Structure formats: C-alpha cells, structure tokens
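Q: I would like to learn how to read a model of two chains. Can we go through it step by step?

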Amino acid sequence: MFTFLKTALRGRVVTDSDPVHPLPVSSHFRGKPEHHSRQCIGCAACVQACPSNALSVETDLSAGLLVWTFNLGRCIFCARCEEVCPTAAIRLSPDYELAVWDKSALQQQAHFPLCYCRGCGQPFAVQKEVDYVMALIEKNGEDDIESRRETFETCLTCRRQNSLLSGGHLWAERSLKGIF
Amino acid sequence: MHNFITDRDAGRIPEPEESEACLQKLKSSLLRKLKRSAFVYRVDCGGCNGCEIEIFAALTPVFDAERLGIKIVPSPRHADILLFTGPVTRAMRAPALRAWDAAPDPKISISFGACGNSGGIFHDLYCVWGGTDKILPVDVYIPGCPPTPAATLYGFALALGLLEQKIQARPASQEDVLPPHVHHPLIAQSLRIRIERMARRLAGYRYGREISDAFMQKLLTGSGSVQQWLREEDDPRLTEIVGHLYGLVQGERER
C-alpha cells in the first residue's frame with residue numbers, strides 16, 4: 001500500500017488537454033482541404049479527380065460564371081485534388097477539428113467569370129484559365145503576348161474556321177463544305 | 001411505435017423526421033442539467049466499419065473518451081446520444097428509426113463520417129438514402145473518412161457544448177478573380193512538369209510534389225543549397241530521388 005502511494009505520488013500527469021487544444025499531427029496528415037480561390041483557375045481537374053464527388057462545378061450562363069463548390073461533408077481526404085491541381089490551389093491542411101452544428105457550414109464556393117469567344121460569342125473557357133495560359137507562355141520567353149490576346153480568346157471551332165478562310169485557300173471551303 | 005411509411009416528397013424520398021420545438025428546448029437543457037456521463041449508442045447504418053474502428057480507437061486508453069464522461073452503452077434505451085455511421089442503406093433505415101424511437105427524449109443525434117453526412121463515396125448508389133439527415137434530424141455532423149479519434153473527441157465535445165464550432169461556410173469572394181501566381185517561373189514549363197512527374201513516380205503523389213517543390217526552390221537559390229538540404233534531411237531515399245531529379249536537370253542543361 002505504502003509503495004503504491006509512493007509510486008502514485010512520484011508520477012507525473014501525462015494527460016493531454018485534447019480536445020480543448022488540438023493534438024499535434026504528423027507533417028503528412030491529410031486534414032481539411034484548403035482551397036485558395038486566388039490561385040484557382042477553374043480548370044475543374046479536381047472535379048474530374050474527386051472520387052466521391054465532393055467537388056463540383058456548374059456553368060451559370062445567365063450570370064456568366066463558373067460556380068465551383070466543395071462539400072466538406074462528402075470529402076474522403078484522399079488528396080487526389082491536390083495531386084492534379086496545376087496551380088497548387090488546393091492543399092490538404094493539418095486541420096482535423098471539423099465537426100459542425102449546421103451542415104451548411106461545410107460548403108465552400110468560388111465564382112469564376114467565363115471567357116466568351118471573340119468569334120461566335122459563346123463561352124468556351126474560364127477567363128482566369130486563358131489568362132494563366134498566356135502568363136505561362138510569356139514566362140517561357142514569348143514576347144508581346146498581349147497583342148495576340150484575340151487568338152487566345154477565340155474558341156477552337158472559330159480558330160479552325162479562321163484558318164480555313166485565310167489567305168488564298170478559299171477554294172478549300174467549297175470542297176470541305178458539309179464536313180465542318 | 002414509429003410509423004415507417006411517412007410522407008414522401010416530389011422525388012419519392014420519405015421526408016425526414018421533424019423534432020418538435022419543446023423537444024429542442026429540452027435538448028438544450030439536457031446538457032446543462034446532465035449530472036452524469038453522457039451515454040452513447042452507436043447505430044451502424046450500413047457503413048464499411050472504418051468509422052466503427054475509429055470510434056473504438058477513441059475509447060482506448062490512448063484517447064480515452066471516458067475521461068470526458070462519454071460511455072458507450074449496449075442499448076438505445078439507455079442512450080442520450082445516438083451516433084449514426086454509414087450512408088443509411090435501404091435495409092438499415094427501419095432499424096435506425098427503431099433505435100431512434102427506442103432512445104428516450106431528449107436525445108442528441110450525431111452523424112458520423114463522410115457517409116453519414118451526405119452519403120460520402122456511396123452517395124449515388126441505388127440502395128442508399130445518402131446521409132443520416134435524410135431520415136432523422138441531426139444535431140452534429142462530424143466529417144472525415146473515417147474521422148480520427150481526435151476528431152471524434154472534438155465532435156463529442158461540440159455535441160456536449162464544451163467547445164465551439166471552428167469552421168464556417170465560405171461564400172464566393174472578390175479574391176476569386178485575382179490573377180494566380182505562376183509556380184517556379186524561372187524554370188521552363190516542360191522541364192518543371194518532367195521534374196514533378198519523375199518525383200511523383202518515385203515517391204508517390206503527395207511526397208513527390210513536396211520533394212519536387214523543395215528541389216526546384218533550392219535549385220534556384222544555388223547549387224550548394226540542394227546538397228545542404230540533403231545533408232540536413234539525412235534520408236537515403238530522398239537523396240536517391242533528388243539524385244534522379246538532378247540527373248534530369250543536368251541532361252536538359254547539356255542539350
């Protein structure tokens with residue numbers, strides 16, 4: 001009895017204050033995905049990769065927006081979105097304290113304006129995506145990229161049409177009619 | 001006894017149970033006036049058992065949920081808190097409702113894991129309801145696939161009113177339209193992609209990106225910093241991977 005008391009008194013407190021203070025996690029812990037909407041270009045690669053459809057995009061044509069939505073309640077923390085993101089806009093943070101009273105607190109949204117084709121006026125990509133491609137090409141040594149903005153902001157169908165009708169190849173249009 | 005055939009909405013989905021206003025009031029006073037442990041009954045609604053494993057891990061001496069007065073009971077008749085795991089399969093809807101009926105009012109229901117919150121990875125299967133809140137009123141949602149024992153304890157602390165909710169919904173903002181930064185702008189795009197691909201092939205998709213990011217950053221600060229980084233880390237596997245990446249860069253320089 002005496003030995004037991006002595007051991008008990010000599011011991012120290014080893015209990016952590018969890019859950020009042022979060023526990024330290026390993027550096028590769030996959031917690032809440034952090035989306036930096038500034039870094040996001042709206043390419044929807046993460047939506048394609050997400051196995052549980054926690055990520056989704058919808059085109060809102062009336063507002064001219066791409067609506068990006070993330071439902072944390074459905075996320076399985078696999079980090080496939082982090083893998084495919086070309087601009088590292090989505091990263092899994094070590095946050096694990098995600099319980100909520102209200103389900104709507106699990107929703108995240110971002111809006112990206114669409115780019116309308118200079119030729120046909122139809123939306124074909126996200127404006128930020130087109131701008132990012134131009135910035136990348138400029139960084140890789142292309143000069144005066146801004147003067148070719150019109151080409152970048154033209155959809156593939158219109159570009160094909162433009163290249164067909166240019167120069168002295170007008171005869172090609174006659175024989176290719178019905179194909180395009 | 002519960003009426004299992006309830007009203008259905010336009011999509012032929014049964015409407016979830018509504019909890020009455022007086023019960024809501026009782027529920028809020030339950031936690032304040034509870035002078036004993038909170039008894040938890042776990043209802044498995046057709047999950048993969050990952051959540052169950054983590055719940056039992058939360059009860060082990062390492063995490064020890066019982067120090068907070070959380071005790072798992074074997075019958076819903078003793079329960080204050082009902083813990084629903086799984087995406088609610090067709091076959092498990094009626095047993096879940098029976099457990100809900102058997103628990104005395106006021107009771108708190110917790111939806112546990114990605115499946116319980118919204119159906120998770122099973123959300124579009126033909127045989128699931130897709131979430132606990134499709135059949136019952138839910139008070140606390142704990143996301144995770146499965147939630148770690150620490151996240152489980154935080155969820156319980158939230159349900160017992162000990163801690164505050166930490167995350168909020170994020171609406172669209174002005175920041176969405178600001179131009180993004182280009183990563184490693186001084187390295188040619190094609191080389192950057194080849195470095196990232198090789199790092200991922202050698203180290204796996206998550207570590208690969210970390211290694212390639214660190215490598216490219218160190219490469220630009222000076223040739224000595226890569227060696228210094230490898231010496232500091234002292235990891236033979238990392239040294240081997242970075243050796244391969246360095247070979248890639250050298251090959252590109254010679255061309």
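Q: Where is the place of A:Ala44?
A: A:Ala44 sits in the loop between strand 1 (33–35) and helix 2 (45–49) of chain A. Helices (H or I, at least four residues) and strands (E, at least two) are DSSP runs, numbered from the N terminus. A:Ala44 is not a glycine, yet has a positive phi of about 65°.

Q: What should I know about the model and its numbering?
A: This is a predicted model, where local features need pLDDT of at least 70, side-chain atom pairs count only at pLDDT 80 or more, and totals for chains, interfaces and linings use all residues. Residues are numbered from 1 along each chain as its sequence is written, chains are lettered from A and ligands numbered from 1 in the order in which they are written, and side-chain values use heavy atoms, with hydrogens and water left out.

Q: How many residues does the contact take from chain A and from chain B?
A: Contact means heavy atoms within 4.5 Å. Chain A gives 62 residues and chain B gives 56 residues.

Q: How much area do chain A and chain B bury between them?
A: The size of an interface is often given as the accessible area lost when the parts come together. Buried area is that loss (1.4 Å probe), summed over both parts. Here it is about 5,300 Å², with 55% of it on carbon and sulfur atoms.

Q: Which element gives the largest share of the side of chain A that touches chain B?
A: Strand 5 of chain A does, with seven residues.

Q: Which residues of helix 4 of chain A are buried?
A: Buried means under 20% relative accessible area (1.4 Å probe, protein chains only). In helix 4 of chain A these are A:Lys128, A:Val130, A:Tyr132, A:Met134 and A:Leu136. They pack against strand 5, strand 6 (123–126) and helix 5 (149–152) of chain A, together with helix 6 (189–203) of chain B. After helix 4 of chain A comes A:Gly141, with a positive phi near 100°.

Q: Where is B:Val88 found?
A: B:Val88 lies in the loop between strand 3 and helix 3 (90–102) of chain B. Its phi is positive, near 60°, in a residue other than glycine. B:Val88 counts as buried because its relative accessibility is 0%.

Technical notes: Buried area = accessible area lost by both parts, 1.4 Å probe. Buried < 20%, exposed > 50% of the residue type's maximum accessible area, 1.4 Å probe, protein only.
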